[in-house]
Amino acid sequence: MVMPQTRAAFGRAGAAGAADIAVSVRNISKNYGAVEALKNLTLDFPRGQLTSLLGPSGCGKTTLLKIIAGLLDPTAGEVEVGGRAVTGPGPDRAFVFQDFALLPWANVLRNVAFGLELRGVAKSEREAIAANYIAQVGLAGFEASFPHELSGGMRQRVGLARALAVDSEVLLMDEPFSAVDEQTRRKFQEDLLALVAQENKTFLFVTHSIEEAVYVSDQIAILLPRPSRVSDIIRPEGLRDKDPATIRRDPEYLDIVDEIWAKLRSYVE
Amino acid sequence: MRLFGYRLPGMSSLIIWGLLWELVGRSGLSFFVPPLSEVIATLFEIIGSPAFQKALYETAYAFIAGVFFAVVIGIPTGILMGKNRLIDELLLPWVNIFLSAPLTALVPVLMVLFGFGMKSIIITTTLFAIWIIILNARAGVMQINRSLVDMAKSFGASPWDAFYKVYFWAALPEILGGVRIGVIRAVKGVIIGQLLISIVGFGALFELYSANFLMAHFWAVLVVLFALAFTISELLAYLERRVSYYAAKR
């Protein structure tokens with residue numbers, strides 16, 4: 001069942017009609033030998049919005065994200081980003097990793113600038129850009145620190161700054177907050193809402209937390225396993241214009257969380 | 001270690017073994033074991049002699065050249081094997097065979113192929129050192145965090161960038177471990193080469209002193225050799241500790 005609601009016209013910046021699709025996944029299948037990880041999956045990601053991929057473990061949400069990133073080849077089907085077919089990693093997408101994937105031997109500044117370094121941006125230019133994003137994620141003053149000197153939350157801020165620094169249209173986030181503690185995670189979720197509002201980027205967000213998905217998403221795609229398919233698309237309409245501090249007390253928030261749990265509970269052992 | 005509440009400095013046990021050596025030497029139990037004090041006196045006597053310095057130069061030259069080739073060929077080969085399944089399948093059996101093969105038995109073959117000169121000694125040294133360097137570089141690359149590889153790819157790293165900006169550094173603790181063991185094996189290689197191929201360097205000194213029953217001289221050269229190998233190995237172990245701070249955080 002796909003919920004029939006359409007988005008309010010005065011929503012978040014960049015929100016537009018159904019035609020404005022940043023990432024489009026068409027009939028994707030992925031087999032690992034005899035195992036069908038994804039089967040004939042079709043999904044659209046509206047431009048300028050945050051779409052969560054939510055589902056029980058083993059439902060293939062990370063596999064789907066890596067196919068969109070160009071890190072995995074699908075067995076069948078195709079992915080389009082900005083109207084162009086994906087054949088591999090590209091500068092239109094940046095990835096935020098669950099385990100941060102920082103270079104342990106490089107300081108924060110070089111880590112944040114690393115995406116630009118690989119693109120051949122001159123040292124002074126890329127370091128100026130990196131310093132800017134380091135400040136934006138709240139790590140000013142830590143430019144010369146090394147990853148092992150930072151907390152998990154700060155490391156993920158470095159990973160986020162690195163993805164922002166390459167200024168790609170699409171941000172792919174693979175359970176970015178699952179390796180940080182609960183309080184840091186809440187702060188991250190609030191910051192993410194602000195980020196989606198202020199950056200005109202499309203966010204694809206993999207999570208296994210129902211509450212997190214409802215809190216941060218414009219659109220939630222619920223994936224069910226064996227083989228994976230999109231079971232529902234839920235759009236938490238009324239929540240996006242609310243104060244982030246009150247969302248968790250909102251009846252709509254609580255209803256959607258309950259609704260999703262009702263759908264998922266039979267798939268959780 | 002602590003003894004009776006006192007902290008003992010590192011390698012204190014050497015004092016005990018040194019004393020034991022001295023006692024055995026003085027007791028005259030064996031002609032082959034002169035007292036340590038005599039060995040050390042001989043050491044200072046011969047260390048300035050032209051024969052010793054020539055031997056040191058020849059040995060150091062063959063050793064450094066052999067280790068150089070082992071490192072420069074071994075590390076990239078190991079990284080390629082860790083990254084490319086086909087190359088790995090092709091080379092791994094050979095690397096494993098040569099790692100455990102009695103390389104000394106191969107030395108006569110090398111002499112036929114490369115002559116009786118320095119070239120054969122250097123190749124022998126390289127052959128002693130290279131296999132463990134390859135295996136460790138390979139192991140280091142294979143344990144690189146999957147997401148670090150994905151990160152390099154997703155940000156558009158070319159194969160060359162990925163190689164020397166990510167894979168090499170991520171595998172560096174293991175690579176250095178391999179180089180350290182390889183260097184110790186190279187010490188064996190260079191001496192065996194000098195003994196078997198052409199009697200030069202420390203090999204020639206060993207040959208000369210043992211043939212003339214100059215046991216204090218013989219032991220003095222051995223002590224020098226041990227000290228050199230130990231120093232190099234400790235230096236590399238220090239480097240290894242310097243980089244291993246991040247090994248656990250990868």
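How many of the eleven residues of helix H2 of chain A are buried? Eleven of the eleven are, so H2(A) is largely enclosed by the rest of the structure. A residue counts as buried if 20 or more other C-beta atoms, placed from the backbone, lie within 10 Å of its own; with 12 or fewer it is exposed, and in between it is partly exposed. The structure is a predicted model: local features need pLDDT of at least 70, side-chain atom pairs count only at pLDDT 80 or more, and totals for chains, interfaces and linings use all residues. Residues are numbered from 1 along each chain as its sequence is written, and chains are lettered from A and ligands numbered from 1 in the order in which they are written.

Helices (H or I, at least four residues) and strands (E, at least two) are DSSP runs, numbered from the N terminus. The buried residues of H2(A) include A:Arg110, A:Asn111 and A:Glu117. Also buried are A:Val108, A:Val112, A:Phe114 and A:Leu118, among others. The cover over H2(A) includes strand S6 (93-96), helix H3 (123-136) and helix H4 (152-165) of chain A, together with helix H8 (159-170) of chain B. Just after H2(A), A:Gly120 adopts a positive phi of about 80 degrees.

The loop between S6 and H2 of chain A holds A:Phe100. This residue is not a glycine, yet its phi is positive, at about 75 degrees. A:Phe100 is buried, with 26 other C-beta atoms within 10 Å. A:Ala101 lies in the loop between S6 and H2 of chain A. Its phi is near 50 degrees, a positive value in a residue other than glycine. A:Ala101 counts as buried, with 25 C-beta neighbours inside 10 Å.

The contact between the chains takes 17 residues from chain A and 16 residues from chain B. Residues are in contact if their C-beta atoms, placed from the backbone, lie within 7 Å. On the side of chain A that touches chain B, helix H2 (residues 108-118) gives the most, with three residues. That side divides into 13 nonpolar, two polar and two charged residues. Here Ala, Val, Leu, Ile, Met, Phe, Trp, Tyr, Cys and Pro count as nonpolar, Asp, Glu, Lys and Arg as charged, and the others, Gly among them, as polar.

Strand S3 (residues 50-54) of chain A has five of its five residues buried, so it is largely enclosed by the rest of the structure. In a regular strand the side chains alternate between the two faces of the sheet. In S3(A), A:Leu50, A:Ser52 and A:Leu54 lie on one side and A:Thr51 and A:Leu53 on the other, and both faces are covered. Strands pair if DSSP finds at least two bridges between them. S3(A) runs parallel to strand S8 (residues 202-207) of chain A, joined by five bridges. A:Leu54 has A:Thr207 as its bridge partner in S8(A). Four bridges join S3(A) to strand S9 (residues 219-224) of chain A, also in the parallel sense. There, A:Ser52 stands opposite A:Ile220.

A separate description applies to the open sheet of four strands in chain A, with the order S2-S1-S4-S5 and antiparallel pairing. Its edge strands are S2 (35-46) and S5 (84-85), each pairing on one side only. Strand S4 (residues 76-81) meets S5(A) through two antiparallel bridges. A:Val81 faces A:Arg84 in S5(A).

The largest nonpolar core has 137 residues. Such a core is a set of buried Ala, Val, Leu, Ile, Met, Phe, Trp, Tyr and Cys residues joined through C-beta atoms within 7 Å. Those touching the most other members include A:Val112, A:Leu204 and B:Ile133. Helix H6 (residues 118-142) of chain B supplies the largest share of this core, 14 residues. Beyond its neighbours within four places in sequence, A:Leu204 contacts residues including A:Thr51, A:Leu53, A:Ile68 and A:Leu172.

Chain B contains eleven helices and two strands. Buried residues make up 37% of its 250 residues. Its C-alpha atoms fill a box of roughly 70 × 60 × 30 Å along the principal axes. Of the contacts in chain B with a separation of 6 or more, 77% join residues 24 or more positions apart.

Technical notes
Contact = placed C-beta atoms within 7 Å.
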